Amino acid sequence: HKEREEAKRAISRFLTAHRAEDSRRLLATEHSFSVEFDLPDGERVRLRGFADRVELDAEGGVIVVDIKTGKAVPSRDEVREHPQLGLYQLAVGKGAVDDLLPEQALPAASAGAELWQLRMSTNELPKVQAQAPQQSDEGGWTLAERQTSAAASRVRAEDFVATPSEKTCRFCAFK
């Protein structure tokens, strides 16, 4: 009964946020994308995925929203480096949503990415955790590009070492 009530509140929060009048325009939901590009070191990668919501802000920037229904909420520092949000921003910059944009908004520019925490709120709206647009570092890399390069290297090397963690491995036998 308690879970059913919480699910109803989560749905209500989503609908309130979805119907809210603001300066953003909803471009798509469950948007499938696939983009292939070179990282700053010349390594070629392909990103494929789905974005829960793609929105256009008043300045013509794209914001990708990932909707969460779980009870775990990342910290502010974790959101700043959140790989999924960074990958959405990277994908936007590489043309993943160009087909959704009006011509005057091309080329696409990321205005950030957000987590909407539907279960974690004390009011009628979801808790919104925003990741600012990523900037290139002194080497010309964004954090998402560095994370993508590291992941691609692990996959290509077939190097999948188990890493114990109290936070992410609560039910795993490999503590």
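This is a predicted model: local features need pLDDT of at least 70, side-chain atom pairs count only at pLDDT 80 or more; totals for chains, interfaces and linings use all residues.

Me: Is Gln89 buried or exposed, and why?

Reply: Gln89 counts as buried because its relative accessibility is 7%, and the cut-off for buried is under 20%.

Me: What does Gln89 touch?

Reply: Leaving out residues up to four places away in sequence, Gln89 touches Ser110, Gly112, Ala113, Gln131, Ala132, Pro133 and Gln134.

Me: Which element has the highest mean pLDDT, and which the lowest?

Reply: Helix 3 comes out highest at 97, while helix 1 (residues 2–19) is lowest at 79. For the chain, the mean is 89, with 94% of residues reaching 70 or more.

Me: New topic: how many aromatic pairs are there?

Reply: There is 1 aromatic pair. The ring centres of Phe33 and Tyr88 are 6.3 Å apart and the planes are at 75 degrees, so the pair is edge-to-face.

Me: Where in the chain are those two?

Reply: Phe33 is in strand 1 (residues 25–38) and Tyr88 is in helix 3 (residues 83–93), so to speak distant parts of the chain, 55 residues apart. Both Phe33 and Tyr88 are buried.

Me: And which residues are buried in helix 4?

Reply: Those are Ala144, Glu145, Thr148, Ser149 and Ala152. Down the helix axis they fall within an arc of 135 degrees, so they line one face of helix 4.

Me: What covers them?

Reply: The cover includes strand 2 (44–56) and helix 3.

Me: What follows helix 4?

Reply: Glu158 does, with a positive phi near 55 degrees.

Note on methods:
Residues are numbered from 1 along each chain as its sequence is written. Side-chain values use heavy atoms; hydrogens and water are left out. Rings of Phe, Tyr and Trp (its six-membered ring) pair if their centres lie within 6.5 Å; planes under 30 degrees apart count as stacked, over 60 as edge-to-face and the rest as tilted. Helices (H or I, at least four residues) and strands (E, at least two) are DSSP runs, numbered from the N terminus. Buried means under 20% relative accessible area, exposed over 50%, partly exposed in between (1.4 Å probe, protein chains only). pLDDT is the predictor's confidence in each residue, from 0 to 100. Contact means heavy atoms within 4.5 Å. The arc is that of the directions from the helix axis to the C-beta atoms.
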